[in-house]
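This briefing is meant for a reader meeting the structure for the first time. Please look at the chains together before reading on.

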Amino acid sequence: MILDPKRLFPAESKARSIAAKLYETVRNLPIISPHGHTDPRWFAENEPFANPTALLIQPDHYIFRMLYSQGISLESLGISPLHGTAASVDPKEVWRIFAKNYYLFRGTPTRLWLDYSLENQFGLTKRLSSENADEYYEVIAKKLQTAEFRPRSLYEQFNIEVLSTTDSPLDTLEYHKATRESGWRGRILPTFRPDSLVDADYIGFLDNIQKLGQITGEDIGTWKGYLNALRNRRAFFKSMGATATDQGHPTALTADLDPNAAASLYTRILSGRSVPEEQELFRAQMLTEMAGMSVEDGLTMQLHPGSVRNHNRQLYERFGRDKGADIPSPTEYVRALQPLLNRYGNDQRLTFILFTLDETTFSRELAPLAGHYPALKLGPPWWFHDSPEGMMRFREQATETAGFYNTVGFNDDTRALLSIPSRHDVARRIDCAFLARLVSEHRLDEEEAFEVIQDLTVNLVRKAYKL
Amino acid sequence: MILDPKRLFPAESKARSIAAKLYETVRNLPIISPHGHTDPRWFAENEPFANPTALLIQPDHYIFRMLYSQGISLESLGISPLHGTAASVDPKEVWRIFAKNYYLFRGTPTRLWLDYSLENQFGLTKRLSSENADEYYEVIAKKLQTAEFRPRSLYEQFNIEVLSTTDSPLDTLEYHKATRESGWRGRILPTFRPDSLVDADYIGFLDNIQKLGQITGEDIGTWKGYLNALRNRRAFFKSMGATATDQGHPTALTADLDPNAAASLYTRILSGRSVPEEQELFRAQMLTEMAGMSVEDGLTMQLHPGSVRNHNRQLYERFGRDKGADIPSPTEYVRALQPLLNRYGNDQRLTFILFTLDETTFSRELAPLAGHYPALKLGPPWWFHDSPEGMMRFREQATETAGFYNTVGFNDDTRALLSIPSRHDVARRIDCAFLARLVSEHRLDEEEAFEVIQDLTVNLVRKAYKL
Amino acid sequence: MILDPKRLFPAESKARSIAAKLYETVRNLPIISPHGHTDPRWFAENEPFANPTALLIQPDHYIFRMLYSQGISLESLGISPLHGTAASVDPKEVWRIFAKNYYLFRGTPTRLWLDYSLENQFGLTKRLSSENADEYYEVIAKKLQTAEFRPRSLYEQFNIEVLSTTDSPLDTLEYHKATRESGWRGRILPTFRPDSLVDADYIGFLDNIQKLGQITGEDIGTWKGYLNALRNRRAFFKSMGATATDQGHPTALTADLDPNAAASLYTRILSGRSVPEEQELFRAQMLTEMAGMSVEDGLTMQLHPGSVRNHNRQLYERFGRDKGADIPSPTEYVRALQPLLNRYGNDQRLTFILFTLDETTFSRELAPLAGHYPALKLGPPWWFHDSPEGMMRFREQATETAGFYNTVGFNDDTRALLSIPSRHDVARRIDCAFLARLVSEHRLDEEEAFEVIQDLTVNLVRKAYKL
């Protein structure tokens with residue numbers, strides 16, 4: 001057995017026993033996944049996954065960034081370059097490389113997620129190693145061809161109640177549509193992610209704007225038409241089940257320009273000759289515009305700022321984006337968000353969820369802001385901090401000022417379908433561990449902890465994302 | 001019973017038992033409160049408090065910021081807007097709202113403070129809830145009318161040895177005077193807080209300067225006269241028992257201009273046409289001037305930088321300042337303090353206590369500075385960080401570089417009189433918990449820990465504040 | 001006995017017992033010290049140390065900064081001013097001051113290091129105090145005159161396998177040469193530290209460049225000649241056993257100018273009329289040049305940025321540098337390192353080890369960078385953070401993203417020879433404590449922990465520093 005039933009609980013026996021009791025009451029609750037990156041096509045077509053490597057390794061930037069850091073080339077992992085002939089790599093060989101280097105993941109969440117899959121999903125109860133790599137590959141490959149491992153069956157087995165994807169406003173949502181019309185009971189919801197239409201630095205930005213005009217019939221040559229086109233697509237997403245939007249900006253900067261200034265800025269942006277400062281101001285203005293539209297249409301708004309994308313230029317030029325080279329950087333929220341919050345922060349029709357890659361902001365900025373503004377809520381620890389230590393630091397640093405009730409439960413934020421149960425399990429266990437410490441230090445009554453753990457696991461997420 | 005006798009001690013039994021032994025030796029020591037915001041009038045007039053809501057809820061921004069964040073309006077809590085007719089709200093109804101929402105405070109220090117008051121001060125031994133809200137209100141209201149709950153009696157019951165208030169240099173200190181002359185043994189000391197006279201961005205700044213001139217008879221039209229006027233008021237405060245000053249600046253910036261440049265800057269400031277950069281420079285210069293005066297008159301100097309005040313414009317325009325919308329922001333100390341420290345940092349006549357809202361500075365900047373400059377000391381965790389986790393992080397992050405002996409004990413920093421015993425109790429317990437961990441990890445001998453806990457509780461504060 | 005055999009292990013009994021088992025397997029492993037500041041002359045001449053004060057107190061800025069912060073003058077500690085008559089102070093009197101104030105070091109690593117020396121090296125088993133100060137001084141002074149306490153004997157007794165010093169490129173390395181030629185088996189390796197030749201703000205910079213030209217015979221009047229001169233000295237250092245370089249810059253800024261621009265910048269720098277921005281750019285460019293030379297010659301590259309040197313001007317003018325007044329400041333890495341990393345970050349011939357004084361960068365910037373770039377590794381906690389809490393925070397904040405295998409073991413970074421065994425012992429114990437927690441929380445298998453602790457103690461450092 002790789003997994004201990006009391007993993008992640010505190011070592012101290014009294015706290016551990018409280019954590020275990022709390023966990024028993026939430027371990028079997030449904031998974032509500034309001035923010036993630038799975039492919040909607042999986043659920044529409046319900047085809048089997050190709051092979052263990054294609055499912056577990058090649059799409060997971062947590063895995064290949066670590067292997068790459070130790071000198072293992074992306075080519076050898078079968079990641080195709082953007083141009084030229086794709087590397088022809090035997091997926092089994094990639095699996096062997098991974099198994100041989102599995103020790104690199106000691107102490108990381110990737111290790112927790114994968115051990116969970118191996119044991120709970122594939123019944124493999126020894127740690128992955130060079131010795132068992134081939135055997136494990138075969139076992140997994142065989143299972144992937146069975147009906148139980150098709151996407152919809154996994155969704156059901158995992159006890160998922162709802163699963164949100166992340167989608168461009170230009171997307172036709174055809175796979176969402178097909179899934180809805182198929183009669184299958186799973187809820188796969190789109191999320192409105194307008195980065196490619198509000199960030200003039202995005203590749204293909206001007207083309208995207210043109211397409212937006214074509215799709216919506218609005219005159220995107222004008223500021224008003226552009227906003228209406230976005231409104232139009234939000235309405236479409238909402239009609240397809242969306243309950244939230246998401247934006248991933250370099251900074252948290254917001255602006256509240258008067259309409260004429262905004263219109264002029266839009267004209268500059270549309271001219272294709274805008275400078276970075278104008279692009280930053282435009283993104284800032286668009287956050288406030290999106291907040292305004294959320295007040296109108298009720299879509300919950302999410303902001304994920306602070307990542308320096310594609311830091312490794314050579315890698316980016318050769319392999320493109322999302323190859324493990326996005327690096328967090330210091331992020332300021334207090335002054336940056338003031339324009340938006342002065343406009344909409346007191347409006348209870350808005351639910352605005354903030355995320356961060358800069359943990360120093362939890363106690364200094366985010367908890368004080370979320371502990372005051374009615375519209376603001378704190379998202380769970382994100383990306384690099386979606387880990388036992390990261391989750392614990394979040395609770396320790398945010399709870400005393402924001403409380404539990406200005407947080408919104410857990411996001412798995414993943415494209416790795418098989419890791420979803422494990423990620424939620426880790427989050428539940430860490431929340432139980434944190435609550436167990438509060439109880440054992442007599443900072444919270446035990447009966448209250450049982451209520452709180454329910455709220456953290458299902459109630460707060462349902463409320464924040466209107467699910 | 002709401003309160004466990006071993007609350008806040010480590011869960012692990014050996015460390016817990018050491019913490020409990022340490023705590024026994026300090027739990028009954030007098031409370032020394034060198035920095036707070038209680039109303040001196042209370043002790044001068046010794047009138048009963050109006051009602052539970054007016055005492056416990058309406059003045060406490062920790063409470064109403066949390067309620068506000070969850071969509072409860074300030075009007076419904078009986079907070080009066082600045083203009084127009086005040087809301088007429090039944091204090092009992094406000095109490096019910098609070099009781100109903102008491103779960104929001106789970107995991108926050110507010111909960112610890114209030115539970116302590118309920119049980120220890122009012123004998124109410126079940127958690128506040130909608131069910132017992134009316135009964136509790138009545139019990140508390142009745143007690144507030146008794147002699148034991150008058151301000152002076154509370155001071156005595158709480159075993160307070162000295163309690164400092166915070167006062168404008170323009171204040172006549174009439175209530176301090178009345179208290180002193182009343183023959184009552186309590187020590188209520190004023191603290192010299194010159195923000196309204198050194199910060200040109202302060203509402204009424206120029207009027208304040210005029211008043212300063214009238215009160216002191218100095219020619220505030222000149223830089224020299226202005227400084228002398230401040231000197232004059234410091235002397236008056238000192239004659240009334242003050243041992244310290246306090247300044248609350250947006251940043252920690254200091255300057256050391258030559259006297260002519262400083263005089264010119266003062267002229268600009270006095271003209272009412274200064275720009276923000278000049279105002280920032282003037283505040284910076286005035287920190288160094290105040291340090292110089294502290295060298296002269298021996299008043300301990302405190303600096304509380306880094307709060308972005310009145311972040312929520314709508315709320316500020318409607319209700320004014322101190323409504324829970326002050327938000328911390330990143331604060332730099334190393335370069336900011338260099339001018340002042342180069343002038344006075346090596347002067348042992350100066351005691352200069354630094355506070356922060358940016359916890360990242362503890363290990364990076366403040367502990368290294370305080371572990372070097374003779375004039376510098378580290379204030380306890382402030383405001384949002386005046387909490388079990390915040391206090392523990394402070395000790396963990398500052399002690400290894402600054403030691404215990406460059407710290408100055410605890411500040412309750414509160415206007416909530418009833419919370420004073422609880423706040424000091426929390427601080428004592430967390431210090432015991434920290435020391436118990438050091439002892440149980442053999443990083444400190446047990447006999448030393450007993451000395452240190454005495455120092456942290458009473459000796460260091462007496463020394464730093466000359467009490 | 002001052003030292004408990006289980007010191008620094010977790011209080012909780014199960015984790016403690018795991019930590020103790022892990023520790024047993026590494027406690028007697030050799031010390032590999034790839035980065036430090038001991039004096040190579042000691043090992044060349046092998047003369048006895050003068051007296052306890054000269055060995056233990058006067059060279060240790062951790063000690064005198066704490067004493068100074070409490071109002072004890074450097075003069076009274078026998079530290080000589082730069083100019084004027086040196087203070088004549090009885091070393092025994094200095095020792096008494098230290099003993100009397102030993103309580104100031106409670107909770108600091110200095111206390112751990114000194115207790116270790118007292119008990120393990122001098123057999124003194126009671127805590128230092130005013131009472132035993134004179135006796136202890138005599139015992140230590142007597143031992144220092146014995147053969148066992150000569151530098152080479154200490155090196156052997158401490159089971160040091162290799163010890164690196166830090167040396168100017170202008171150094172003749174005569175002591176290293178003498179040691180090598182003496183036939184003694186100790187390995188004392190130089191480290192190439194070019195700050196005085198790449199930082200135009202360094203005192204004597206232009207003279208240093210001239211000397212570099214004289215020593216190497218290269219034409220330092222040209223950019224190419226200057227680079228060749230540095231190459232030449234690197235080769236000399238390498239021939240003398242060096243395996244690494246080190247740079248200590250104010251920031252982590254790097255640049256990658258085209259050769260013409262770099263040559264022009266060098267001309268400006270050489271003119272002696274460069275402004276601070278040019279000097280910063282030159283340091284930035286020289287980091288990239290040094291990385292390029294490391295790709296050529298295989299010397300491991302180290303960068304220690306972020307210290308504001310000589311913060312206390314009065315002290316600096318009177319006593320010079322390294323007097324405890326260097327203060328960390330916020331340090332940005334992500335954008336700062338991009339030029340260098342875009343040039344060499346994917347090159348596996350480069351090993352580039354990053355250090356920080358800004359702990360907020362561990363989880364936000366450094367672990368994500370080191371968990372991606374093949375050339376990057378994370379150095380251990382440095383300077384103020386080379387302490388039990390600091391080391392634990394490092395593991396907690398870096399491991400989940402960078403893993404263990406992008407770290408490089410421990411650096412003692414000290415000029416205090418006697419503290420070397422204690423510093424390594426503290427590091428080993430904290431690593432055991434961290435691993436024990438992972439094991440007891442079932443985040444790592446126990447058998448794996450035994451492998452990891454070997455790697456952290458000896459294997460990773462040998463690999464990173466090519467020892």
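Which of the residues of chain C comes closest to the rotation axis? In this predicted model, that residue is Glu12(C), whose C-alpha lies at 3.5 Å from the axis.

**Symmetry**
- Chain C is superposed on chain A by a rotation of 120° with 0.0 Å of shift along its axis, and the RMSD is 0.0 Å.
- The two copies are thus related as by a three-fold rotation axis.
- The copies use different surfaces, since 4% of the contact residues of chain C recur in chain A.

**Extent of the contact between chain B and chain C**
- Chain B gives 47 residues to the contact, and chain C gives 48 residues.
- Between them, the two chains bury about 4000 Å², with 47% of it on carbon and sulfur atoms.
- On the side of chain B, the residues that lose the most area to chain C are Arg364(B), His372(B) and Glu400(B), which together account for 19% of what that side buries.

**Polar and charged pairs**
- The count between chain B and chain C is 10 salt bridges.
- Glu448(B) forms a salt bridge with Arg111(C), where the closest N and O atoms are 2.8 Å apart.
- Between chain B and chain C there are also 37 residue pairs in polar contact, with both residues at pLDDT 80 or more.

**Make-up of the side of chain B**
- Several helices of chain B each supply at least two residues of the side that touches chain C, among them H16 (338–344) and H20 (446–465).
- H17(B) provides the largest share of that side, 8 residues.
- By class, the side of chain B that touches chain C has 15 nonpolar, 15 polar and 17 charged residues.

Terms used. Residues are numbered from 1 along each chain as its sequence is written. Chains are lettered from A and ligands numbered from 1 in the order in which they are written. This is a predicted model: local features need pLDDT of at least 70, side-chain atom pairs count only at pLDDT 80 or more; totals for chains, interfaces and linings use all residues. Side-chain values use heavy atoms; hydrogens and water are left out. Copies are superposed by least squares on the C-alpha atoms of residues with pLDDT of at least 70 in both. Contact means heavy atoms within 4.5 Å. Buried area is the accessible area (1.4 Å probe) that two parts lose on being put together, summed over both. A salt bridge is a side-chain nitrogen of Lys or Arg within 4 Å of a carboxyl oxygen of Asp or Glu. A polar contact is a pair of N or O atoms within 3.5 Å; within protein, one must be able to donate a hydrogen and the other to accept it, and residues adjacent in sequence count only if both atoms are side-chain atoms. Helices (H or I, at least four residues) and strands (E, at least two) are DSSP runs, numbered from the N terminus. Ala, Val, Leu, Ile, Met, Phe, Trp, Tyr, Cys and Pro count as nonpolar, Asp, Glu, Lys and Arg as charged, and the others, Gly among them, as polar.
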